[in-house]
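Here is a short report on one part of this model. Keep the sequence and the 3D view open while reading.

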Amino acid sequence: MTLLSHFECNVNVAYTCVISQQISYKDLEFPNDIWIRKADWEISVKAAAFIVVVVLGLAGNTLLLSIVLRHRSIRTPTNLLIANMAVADLVTLLIMPWVFLCMDCFQNYILGEIGCKAQGFVECFLLLTGVLNLVAVSYDRLTAIVTPLEARLTVHGTHIIMVSTWVTGVILGMPLVFFRFYREREWLNFDESYCTEERVVMPIYWYVVIVFVVWLPLLVMTFCYSGLFFKLDQYEKKVLRREHPISVSYKTKVARTMFVVVVAFMVCRVPFTALIFLRSKMQQGTQTINQVVDAYNTLWFISHYLIIVNAAVDPLIYGLTNENFRRAFRATGVARCLFGASASMTIPRTPRTPRPQFNRLEPRDLCEKANDQQWFTVPRHLKGKTSSTDCYI
């Protein structure tokens, strides 16, 4: 006779446990529809959707990493953190889509006991690692403008943070190794296998994960980019009180970057939050993976698909918004094949047409030390000194 284990009894209501111990599942029919495997057309559509995102994501993240490795001049703290995030995204794109497909397309859990423990751990630790790098990038971009040069993140400090993000991800993901269990039940008309979790500690654990994966990074990114924007606005107003009319484009670039980063993060991560809340509510009952409602299955697929999308679009968001990455990309063989010889970095950029009737306010070189009165430089075409304005944005 197949019975619930003693451990599962301890984490349920006592009355339910006593009743469950008296039930032989062999005498009962499976309480839900039996479909074994989804239709071939549905599997094909979902697999194609994953393949497109995975191919684009692998190409983008690989190109971003190759640029950082080949060009020592752009190995700034921010770019190293972006490269570290690209590594986490690459691992996510190589492993997780196929695990998600196996879980979504089959009624039973087909990954076995090792897969049950490893799947949750790897998914959570990669999510946490990527998100911690996002937080570090946002903070570094804020300090690049607000703090003195001596207080900014160094390359050595960046290496420590890069290692710390992976170690922290492993530590926070470790409970899933110990509190997830593979179970099999034999019904009258169906042999069920599923992956379940302990029901006292794990609901609390998932709320903690939501805080680290969604709300904390969202709060930090919003705070950092808002602080960066308002700081630039403050400097602009100071200069406007002493100078004649000025046009400012740098602040617009910061606002645009902030908007893209925050919106992309919310779109890709908020459905995962909704999934955790719905899952926690369902776990208060007796449902297993084979007995959930269709709405949960739909939300599960969308939230996990968006995790893969997020890993694929990260190089677009953090690579294309950085002029150093764009210029390095133009020198690659891929760019030359796609756009011809015009993509080479050796071709100088077209100079802007001078506008003598206006002065143009430009931010100071973020790679140089400056005093409080030197936050903005004079226009390049008026001063003759080349100044990099894209070191951190």
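His304 sits in helix 10. The model is predicted. His304 has a relative accessible area of 4%, so this residue counts as buried, the cut-off being under 20%. The His304 side chain makes a polar contact of 3.1 Å with the side chain of Glu123.

Leu101 is 204 residues away from Tyr305 along the chain, yet their C-alpha atoms are 9.8 Å apart.

| Residue | Contacts |
|---|---|
| Tyr305 | Ala49, Phe50, Val53 |
| Ile308 | Phe50, Val53, Val54, Thr92, Leu93, Met96, Pro97, Phe100 |

Now the nonpolar cores. The largest one holds 71 residues. Within this core, Trp206, Ile308 and Tyr318 touch the most other members. Several helices each supply at least two of its residues: helix 3 (40-70), helix 4 (77-105), helix 5 (112-146), helix 8 (201-242), helix 9 (250-283), helix 10 and helix 11 (323-330). Which helix gives the most to this core? Helix 4 does, with 14 residues.

A second core is separate and has 6 residues. Among them are Leu142, Ile145, Leu228 and Leu232.

Notes. Residues numbered from 1 in each chain as written. Predicted model: local features only at pLDDT ≥ 70, side-chain atom pairs only at ≥ 80, totals over all residues. Heavy atoms only, no water. Contact = heavy atoms within 4.5 Å. Helix = DSSP H or I, 4+ residues; strand = E, 2+ residues; numbered from the N terminus. Buried < 20%, exposed > 50% of the residue type's maximum accessible area, 1.4 Å probe, protein only. Polar contact = N/O pair within 3.5 Å; in protein donor to acceptor, adjacent residues only side chain to side chain. Core = buried A, V, L, I, M, F, W, Y, C linked by side-chain atoms within 4.5 Å. Lists of a residue's contacts leave out its neighbours within four places in sequence.
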